[in-house]
Amino acid sequence: MACTHDHSCEDHDCSSNWSLYKHIDLSKVTALNEANPGSVKSVFKAWEERLNSSGEHLESNEGDPELLVYIPFTSDVKIKSISVVGGADGTSPSKLRVFINRDGIDFSDAQSMQPVQEWDLVENLQGVLEYQTRYSKFQSVANITLHFPESFAGDTTQIHYIGFKGEATQLKRDVVATIVYEITPNPSDHKTRAETGGGLSHVE
Amino acid sequence: MVLEATMICIDNSEWMRNGDYAPSRFQAQADAVNLICGAKTQSNPENTVGVLTMAGKGVRVLVTPTSDLGKILACMHGLEIGGEMNLAAGIQVAQLALKHRQNKKQQQRIIVFAGSPVMHDKKALEVIGKKLKKNSVALDIVNFGEDDEGKTEKLEALLAAVNNNDTSHIVHVPAGPNALSDVLISTPIFTGDGEGGSGFAASAAAAAAGGVSGFEFGVDPNLDPELALALRVSMEEERARQEAAAKKAAEEASEQDATMTEHASEGPSGADNKKNEIPDDDNTLLQQALAMSVDEPASTQDLQDTEMSDAAAEDPDLALALQLSVQESTKDSSSEADMSKLLADQSFVSSILASLPGVDPNDPSVKEMLASMQNQSESQQKQDEDKAPEKKEEKEEKEEK
């Protein structure tokens, strides 16, 4: 499960593996129970910057460690593994439950539904741990919802980085947006063969 | 133009029979609900609004969030008053209704009309508030009707628990001559978090401010928007010009008052800026001028004191008119109209002004002030009511002389 780095990262360029963040539709990323609205977008960055905690990070509201993060992708992706860097002093999340291709999940849904996969997390302050997925279930992911029900200390949860490893397909799972249903037919839309000039060969 | 799904929680408890809001609390509430629904659906065509009642036999959802305004208005008919409001259950059912909205992209909002006393304790309300905040549901509270101890406190605590980045609001509407819907129009509940409001809200606000139940200036903004806009703009400019002129006239009327001259000297130079100034500023100046002219005991102008009483003795018409105005200012209903009628009488006003030192009635700025007095007599009247008992004393003193 762990990506054991007994060599230094610069050699084999881990960052290219963790490039799925480029396919995240950042404008549509939302989180529930975050203390600062919009701070969730700051946790999706390049692998090299995962330990860079100078900017914003995602924090849950005081006294409530639950967090729900909804992440849509710009195209369908296949996710091999997930990495989460939490905060220090027990503010790291201790569990992760994941839902695929469902939007509009809120806390009561997340608590009652069966997740696609769940993990018990470990404090990962150096960002060297990754959690592998059951790849067959993560084949065409248009959006993913991460539910962190609790943290180690129990008071709040802090997340500095969320990374996805995998590959992006170019396919988009799109909802059919514009369809016009006819209630009554419009004759001008239905040209007969005689009008279009086709038809049976004429009889001599 | 926020995409929003709204649930409106109506209070149809027994307390809504009370008539302290015209025509009755329940009717005022219904009008406000209709206006809100219209505003929401107009600001974004994909917005949905739903309605539920909190009292009666129990919390009942009348219509689930829909963008069909007709359905919402129809369900407001035939609502019965009775029972007690259950605020907590109402909010929770509203949250559930919003959870099952069809378009998950819509933001969730609950608007609660809290007219009757709140039975739940603060802790319970705070827990509900936190749950709403956690699920990112915004809450607007309209606090009207009953005002027992603790109700305002509880509602404020609920708002504090829900409020996330100022998306939730509370409005306290005391009983009074203003309709509930008129008061709400200017609040963020209508204007939607300071985005400037939809055209519906703006035109409704304009109609309310104009004091006309129909359209401002008698011109339908829908039929002729350019004309209505031009009329509105010219009215604003005229008002600004008159305020500046009134300031100048007030300066002339009281040369010894240092503060006033300071204000007035700013007036002519910054006439355009003063347009946006609080009208109270101007009204206090005007009121000070009038107070001085009517022999206000608080002022230190002894010289003008004697002059005025002489003038009053010499001019029985003036004394009578002043007495009339003082008497009628203690009555609420007709005071405005009478005072404005008095002031509108040019000869009467110019005779007052003639008795004031340093004021030439033929001065064009004074003439402008006369015209502006009509507009401002309303707000000035409110302040005059405080002065009225003192004025009355003064009048009685003079009559004894």
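This report looks at chain B as a whole and then at some aromatic rings and charges in the model.

## Chain B at a glance

Keep in mind that what you see is a predicted model. Chain B has 17 helices and six strands. Of its 401 residues, 47% are buried.

## Rings around Phe144(B)

Over all chains, the count of aromatic pairs is five. One of them joins Tyr21(B) and Phe144(B), edge-to-face, with 5.7 Å from centre to centre and 80° between the planes. Tyr21(B) sits in the loop between strand 1 (4-10) and helix 1 (25-43) of chain B, while Phe144(B) sits in the loop between strand 5 (137-143) and helix 5 (151-162), so this pair ties together parts that are 123 residues apart in sequence.

Phe144(B) has another partner, Phe113(B). That pair is also edge-to-face, at 6.2 Å centre to centre and 85° between the planes. Phe113(B) belongs to strand 4 (residues 107-114) of chain B and Phe144(B) to the loop between strand 5 and helix 5, so here the parts tied together are 31 residues apart in sequence. Phe113(B) counts as buried as well, at 0% relative accessibility.

## A cluster in chain A

Now hop over to chain A. Which residues form one aromatic cluster there? They are Trp18(A), Trp47(A) and Tyr161(A).

## A charge over a ring, from chain B to chain A

Which residue lies over the face of Phe107(A)? Have a look at Lys134(B), which is 4.5 Å from the ring centre. Here the lysine belongs to chain B and the ring to chain A.

Methods:
Residues are numbered from 1 along each chain as its sequence is written. Chains are lettered from A and ligands numbered from 1 in the order in which they are written. This is a predicted model: local features need pLDDT of at least 70, side-chain atom pairs count only at pLDDT 80 or more; totals for chains, interfaces and linings use all residues. Side-chain values use heavy atoms; hydrogens and water are left out. Rings of Phe, Tyr and Trp (its six-membered ring) pair if their centres lie within 6.5 Å; planes under 30 degrees apart count as stacked, over 60 as edge-to-face and the rest as tilted. Helices (H or I, at least four residues) and strands (E, at least two) are DSSP runs, numbered from the N terminus. Buried means under 20% relative accessible area, exposed over 50%, partly exposed in between (1.4 Å probe, protein chains only). A charge sits over a ring if NZ of Lys or CZ of Arg is within 6 Å of the ring centre and within 35 degrees of the ring normal.
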